[in-house]
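Here is a short briefing to read alongside the coordinates. Have the viewer open and follow along.

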Amino acid sequence: MSGCRSHADLVGPYVLQALEPDEMEAMRRHLAGCPRCGAEARALARLPRLLDQVDADEAVAVPPPGLEEEILDRFVRERAKPRRARRRWLRIAIPAAAVAAVVAAVLVTSLPGGTDSAYAHADLWSLPAGHGAAGSAQVAEVAAGTRVQLRARHLPGRAGTPYELWCVRSDGRWISGGSFRARADGSAAAELTAAVTPGEYHVVVITRRSTGGDRGAEVMRGKLEY
Amino acid sequence: MASSDATLVERLPFDRSGDELRELYRRYAPELFGFATNALGDRELAEEVVQDVFAQLWRHAEDYDQRRASVRTWLYAIARNRIIDAHRRAAARPRRAEDDSLDSAAEIDAALDHAVLRWQVGSALARLSPAHREVIRLAHYGSLTMREIAERTGVPLGTVKSRTSYALRHLRLIFDEMEIEP
């Protein structure tokens, strides 16, 4: 509903008390006798109180651009984990899982590339904190996102030292692909899944595992060749 | 045709690609983030809240019952709980003189309602055209009369008046769409 033909444009300014004093008074008299303008004024009357809830130049908070990727990355990684077996099936499930693990190990050994075709590859070169470490990363698109198959050797640190794999986008955004541990001989093999879009990521970095929100020291880095 | 919110949540337990989650994120993350930022006054904590809300969403999608609440109401309920947790953690820390942590559940509820309203009003204003936003800014926040606005901006007085009326009507429609009772 809008006001009458002669006064419709004055209802908004009246509600905001932005007319001159004589116009305010004239409008008050008009509203008392004009049902259309009266209804319009009532419909808008509470807007000033709502406007008072914010400051004049208050910016609407917008999520940072990387948050979407972080959430999806967490989702895809969580989904990639096998679901925990129900307790009543544990007696059957544990021996079955052991057999399955042996079968899987044989398959991984005999089929090092897995069944997914790699679409990018990176040779990883040691950085100062890597003390001569070397490795490679094969990247393949899988249903749950992007799988990175990592092989590393001569990693510094003791057995069980945790490391983290990162995919770095061309705009500088780092997305964690998860963490893995070094074996006693300094080697490591891991398959990690990250919610990264094929072609968007051009660098793979291995760091010491992050602690307290701080990224660990860079150990190796390599450029993905598509 | 775009899927309804409830359909997306229904499909979430079978979503391996993240497509359903991404769609829900794009529909709700901006307002949840705005709400959490207003409620907590801290963007990093607000990011954590939004992450937790979506983690809850995908882990408990099967629990969602559309007969009981809309997806939006459900997400806000999760966000409120996360924000209350954050307030409680803040209250448990030794208090400094300048701290204004909230104590009672009623205070927290009132603060959360206010945070939602602030986000809604702010985003409604952001949806207006720059010209409409400008007249509201000058008239309401700047306390200028129509004549003073016309002098300051060089826009004819009649145009300023009609623009102000259109701006308020448009704002009222946006509030109606957002289900805010002006």
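In this predicted model, helices α6(B) and α8(B) are roughly perpendicular to each other, because their packing angle of about 100° falls in the 65 to 115 degree range. The points below start with that pair and then turn to the contact between the chains.

**Helix pair within chain B**
- The axes of α6 (residues 130-141) and α8 (residues 157-177) of chain B are 9 Å apart.
- From α6(B), the contact takes B:Ala131, B:His132, B:Val135, B:Ile136 and B:Ala139.
- From α8(B), the partners are B:Val160, B:Arg163, B:Thr164, B:Tyr166, B:Ala167 and B:His170.
- Sorted by class, this contact has seven nonpolar, three polar and one charged residues.

**Where chain A meets chain B**
- Chain A gives 40 residues to the contact and chain B gives 42 residues.
- On the chain A side, the elements that supply two or more residues are α1 (8-15), α3 (35-44), α4 (47-51) and α5 (67-80).
- Nine residues come from α5(A), the largest share of that side.
- The chain A side has 29 nonpolar, three polar and eight charged residues.

**A helix pair across the chains**
- α5(A) packs against α2 (residues 19-40) of chain B at an angle of about 145°, and their axes are 11 Å apart.
- The crossing of these two helices, α5(A) and α2(B), is right-handed.
- A:Leu67, A:Glu68, A:Ile71, A:Leu72 and A:Phe75 of α5(A) meet B:Leu21, B:Arg22, B:Tyr25 and B:Ala29 of α2(B).
- By class, the contact of α5(A) with α2(B) has seven nonpolar, no polar and two charged residues.

Conventions
Residues are numbered from 1 along each chain as its sequence is written. Chains are lettered from A and ligands numbered from 1 in the order in which they are written. This is a predicted model: local features need pLDDT of at least 70, side-chain atom pairs count only at pLDDT 80 or more; totals for chains, interfaces and linings use all residues. Two residues are in contact if their C-beta atoms, placed from the backbone, lie within 7 Å. Helices (H or I, at least four residues) and strands (E, at least two) are DSSP runs, numbered from the N terminus. Ala, Val, Leu, Ile, Met, Phe, Trp, Tyr, Cys and Pro count as nonpolar, Asp, Glu, Lys and Arg as charged, and the others, Gly among them, as polar. Axes are lines fitted to C-alpha atoms, for helices over the stretch in contact, and angles run from 0 to 180 degrees between N-to-C directions. A crossing is left-handed if the near helix is turned anticlockwise from the far one by less than a right angle, and right-handed if clockwise. Angles under 35 degrees count as roughly parallel, over 145 as roughly antiparallel, 65 to 115 as roughly perpendicular and the rest as oblique.
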